[in-house]
Amino acid sequence: MPRFSVIVPAYKVQAYLHECLDSVLSQSCPDLELIAVDDRSPDACGAIVDEFAARDPRVRPVHLVGNRGPGGARNAGLAAATGDYLVFLDGDDTLTPDALRAIADRLKETGDPDVLVHDHALTDWTGAAVRDGFATQLTEEGPAPFRLEDRPGLLRLPAVAWNKVYRREFVERADFSFPPGRHQDIAWTYPALMAAETLATLDRVCVHHRRRRQGTAPGTSRGHFDVFDQYDRVFAYVDQHPELDRWRPVLSRRMVDHLSALFTDRHRLPRRVRAEFLLKARAHYRRYRTPGHPVPVRARLRHTLVRLGLHRTYRALELAKRLSRRTAHRATRLAKALRTAALRLHYRVQRRLPLRADHAVFAAYGNRGHSCNPGALEQAFRTHAPHIRTAWIAGAEHHHTIPTATRRLRPGSAAYWTALARSKYLVNNTDFDHRLVKRPGQVLVQTQHGTPLKHMGLDLQERPAAARGMDFTALLDDVDKWDYLLSANRHTTLTWERVYPGTYTTLEYGYPRNDVFQQATSQDVRRLRESLGIPEGTVAILYAPTHRDYRRTQRPALDLDRVLRRLGPRFVVLARAHHRHGGPLATSTGRIIDVTDHPSVESLCLASDALVTDYSSLMFDYANLDRPIVIHSDDREAYEASRGTYFDLRAFPPGAVARSEDELTDIFASGHWRGSRSTQLRSAFRERFCPYDDGRAAERVVRHVVLGQTEPAPFLPLAERFPVPSAAAVLELPPQATVERAAAPSLVAETV
């Protein structure tokens, strides 16, 4: 008997069914049966179901002789199910990786409850996933299992079948089944929650529910009138079970909230039936309302609308609201236009005032926090040129990263434009505001933010996927404003001068942000590891993949949970997403620590024991620490085709190269990640790309640019540099002692 019966009705979902079924069969918990029900679909759903059944014995196809709708199709799946627990998915939904394992663990932890409620995310046509707004109801704190009386807020969650799992014996004992109709989930969900003797929650997104694009025209059918029949069934169930009568007021409020939401969404109902829908909603309100139970203040307007059936009043209110919104919008636009004009005038006036020779303004990564090369230079300005007053441009949410001795500037403010107009020194690792007019006497230092492996600048003219509409004329206009450009090695110098042609001076002094690697101490490393929560005696792997230009949505190429399960408890992962990733790279657990929002990647490098990356320029910086680097390159051809690289990383790597997740696991399990061959490769890599990063790059830049000392101090040879060792440098790790071999390879769906 399998642990889970996953029931998937399929009707007109041929474009999504492969992804749905793959997401089930690739689960790390293989103890399941997949009951795919072809609801007499006129497209290829039936053939797709049979294809999956032919190659995986866990798939049990069910072909209905006639279309029964989603409720009937689910009932057919129920009749065939043999698993301990029932999982329902729509044919265009997907399970998230490791969802069933997380569910199985929570079921075991809570004593196999009748119903377990988990979280979900809504995925729109763009691929963006948004977590449900009622996730706070799913906290796992407190005793479990429990009854609905202990957590009545669960009734506020969407009344759908696919955000819960149900014990099959409980469903059969209660004789539950899905009724016909468009809103059949209502008559299933509420009775199941009320009847369950034991409930539990899982605060984890287990399902991605797809909201398919239907266009912007209002609906043309009366399909949503089915909602009234479904609530009739819910209250009939309460009538048949008097012990549940205490839930009647709550159900009444949920019903009114639902009916008003359907009515006020102009895309749900045709205009010609809206008045009729509201009249029927009023009848249901009067039939099922419970006197003596006050309505919450926030819901009184909606309840009054339904109670009185005020269709014309609602239309008048909507018209007034639209007019008010339009007026407010125009007023806001006018205020913004006046403010913009005032700031432009302010900037012009400031440009006519004398430059402040003792002022410098810094920014990084499009006005994010104090970081990277500009951050290191700002500190060096205060140390080696203390007569210079420094200011940092950043949004208010990043101000906490700025040192107290540095003035904070908000982008777009009057102080911001004053600083750009009158500061002598301008330092950035990207570009300043395109409206910046560089004045005679101003000095602009462009630091960049890494050694180039992937194509940059003018080389992107033939890479439209990577360029994404880049204005190359504007790019060259910005280059013409540069006075100095920093470089960490000869490869970078030659590349920058070709892809960013201009009259600037290249300072081949190393990257200031890497100075800390030569200056940090073992005590600093210990402090950083403690602040990140890295357990003592473990190997911390920093996993930092770069952005994929050829993918619409970004996803990690590694199943970090699976990798760590195979490597054993001696390893942890610091997961850092690229700033264009759009969110965290992984969910933080005991052994996975998501550090995407950490303000300093240099601190993460110091805290780690090894780096795993793909094509990120971080590898060139990390090599200065002389710590192991492993390249995970499983999509080289696709990356080369979309972005292109300046040299074949596999031919000249900084360490071991893995072409798959299994190879990566073997590299760490066998000890090859820090073996003699990896050390030789890293040594050659450092000779080529790290000749100048000896811990004094920022000082050299300040002495040249500000103090006029154009002869740099001698560079310390690589053989005489002794960067702080990693915490794991003294650990003895037995090769392959903790590795578990996976029973089958994990299948990962990719959206391109």
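1. Let's start with a helix pair. Helix α1 (residues 14-25) and helix α2 (residues 45-55) have axes that come within 9 Å and cross at roughly 25 degrees. Axes here are lines fitted to C-alpha atoms, for helices over the stretch in contact, with angles running from 0 to 180 degrees between N-to-C directions. That angle is why α1 and α2 are roughly parallel to each other; the cut-offs are under 35 degrees for roughly parallel, over 145 for roughly antiparallel, 65 to 115 for roughly perpendicular, and oblique for the rest. On the α1 side the contact (heavy atoms within 4.5 Å) is made by Gln14, Leu17, His18, Leu21, Asp22 and Leu25, and on the α2 side by Cys45, Ile48, Val49, Glu51, Phe52 and Arg55. By class, that makes seven nonpolar, two polar and three charged residues. Ala, Val, Leu, Ile, Met, Phe, Trp, Tyr, Cys and Pro count as nonpolar, Asp, Glu, Lys and Arg as charged, and the others, Gly among them, as polar.

2. A word on what you're looking at. This is a predicted model, where local features need pLDDT of at least 70 and side-chain atom pairs count only at pLDDT 80 or more, while totals for chains, interfaces and linings use all residues. Residues are numbered from 1 along each chain as its sequence is written, and side-chain values use heavy atoms, with hydrogens and water left out.

3. The overall picture: the protein chain has 25 helices and 22 strands, taken as DSSP runs (H or I, at least four residues, for helices; E, at least two, for strands) and numbered from the N terminus. Of its 752 residues, 54% are buried, meaning under 20% relative accessible area with a 1.4 Å probe, protein chains only (exposed is over 50%, partly exposed in between). Take the contacts between residues at least 6 apart in sequence, and 74% of them join residues at least 24 apart.

4. Residues making the contact include Met255, Leu259 and Phe263 of α8 and Phe277, Ala281 and Tyr285 of α9. The class count is 10 nonpolar, two polar and two charged residues.

5. Now the cores. The largest nonpolar core has 62 residues, and Phe88, Trp188, Tyr190, Met194 and Phe277 have the most contacts inside it. A nonpolar core is a set of buried Ala, Val, Leu, Ile, Met, Phe, Trp, Tyr and Cys residues joined through side-chain atoms within 4.5 Å. Leaving aside neighbours within four places in sequence, Trp188 is in contact with residues including Leu78, Phe88, Tyr166 and Phe178. A second, separate core of 56 residues includes Ala360, Ala364, Ala380 and Tyr425.

6. Leu100 sits in helix α4 (residues 99-109) and is buried, at a relative accessible area of 0%. Beyond its neighbours within four places in sequence, its contacts include Phe4, Val6, Cys29 and Val87. Leu100 and Cys206 are 106 residues apart in sequence, yet 7.8 Å apart in space, C-alpha to C-alpha.

7. Some backbone spots to check. Most residues other than glycine have a negative phi, and most peptide bonds are trans. Ala144 and Pro145 are joined by a cis peptide bond, with omega about 5 degrees; Pro145 is in the loop between β7 (129-131) and β8 (164-167). Cys372, in helix α12 (residues 372-384), has a positive phi near 60 degrees. Gln448 has a positive phi of about 55 degrees and lies in the loop between β14 (443-446) and α14 (464-467).
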